[in-house]
Amino acid sequence: MTQYILEIPRLPSSELSPNELGGNYHKIGRARKKDKTEAYWSWIEKHPKVQRPFEKSHLHIAFVVGWITGPGFDEDNALARSKSFIDGIKKAGAIEDDSTKYLTLSFEVIVDKQLPKQNAEQRRPEKTILTLSEASSGR
């Protein structure tokens, strides 16, 4: 089975969390544009020869984090924050559309204990890994 893997060296922008609704719309718009543009150019650079998308695709999103505090990682918000990454690879031609007719999604959180804990002086060690494959007819 053909798979395309794209690693983005950070998590989706925190400004795009549903918990941030009511925030500065200019800041949210800039974050959407930044994430979409980064995913678009990363896809074009990594997979330039992909001519046309699968008839139906499956996108697995893995959030790699160094540590989790409190009750845990808020997966549904992280998935919502990923919308601009999905829009970016759609713009790059990797997927036909992001509707359920053309795309199924799955996600996971991977805690990599090798990564240092985040603090104000450190660069965020987290990353997002997008794995695109052809969806089986049973999905």
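The side chains of lysine 90 and aspartate 97 meet in a salt bridge, with 3.5 Å from N to O. The model is predicted.

Q: Why is the contact between lysine 90 and aspartate 97 called a salt bridge?
A: The N to O distance is 3.5 Å, and the criterion asks for a side-chain nitrogen of Lys or Arg within 4 Å of a carboxyl oxygen of Asp or Glu. The contact therefore qualifies as a salt bridge.

Q: What makes lysine 90 and aspartate 97 partly exposed?
A: Lysine 90 has a relative accessibility of 32%, and aspartate 97 has a relative accessible area of 22%. Partly exposed covers the range between under 20% (buried) and over 50% (exposed), so both residues fall in this class.

Q: What makes arginine 10 and aspartate 35 a salt bridge, and where do the two residues lie?
A: Their closest N and O atoms are 2.5 Å apart, and the limit is within 4 Å, so the pair is a salt bridge. Arginine 10 belongs to the loop between E1 and H1, whereas aspartate 35 is in helix H1, 25 residues apart.

Q: How do you know whether arginine 10 and aspartate 35 are buried or exposed?
A: The relative accessibility is 14% for arginine 10 and 0% for aspartate 35. Buried means under 20%, so both count as buried.

Q: Why are lysine 83 and aspartate 87 said to be separated by about one helical turn?
A: The two residues are four residues apart in helix H3 (residues 83-91), which means a separation of about one helical turn.

Q: Why is the ring pair of tyrosine 4 and phenylalanine 54 called tilted?
A: The ring centres are 6.0 Å apart, and pairing requires centres within 6.5 Å. The planes stand at 35°, neither under 30 degrees (stacked) nor over 60 (edge-to-face), so the pair is tilted.

Q: What makes the pair of tyrosine 40 and tryptophan 41 edge-to-face?
A: The angle between the planes is 80°, and edge-to-face requires over 60. The centre to centre distance of 4.9 Å also meets the limit of within 6.5 Å.

Definitions and conventions. Residues numbered from 1 in each chain as written. Predicted model: local features only at pLDDT ≥ 70, side-chain atom pairs only at ≥ 80, totals over all residues. Heavy atoms only, no water. Buried < 20%, exposed > 50% of the residue type's maximum accessible area, 1.4 Å probe, protein only.
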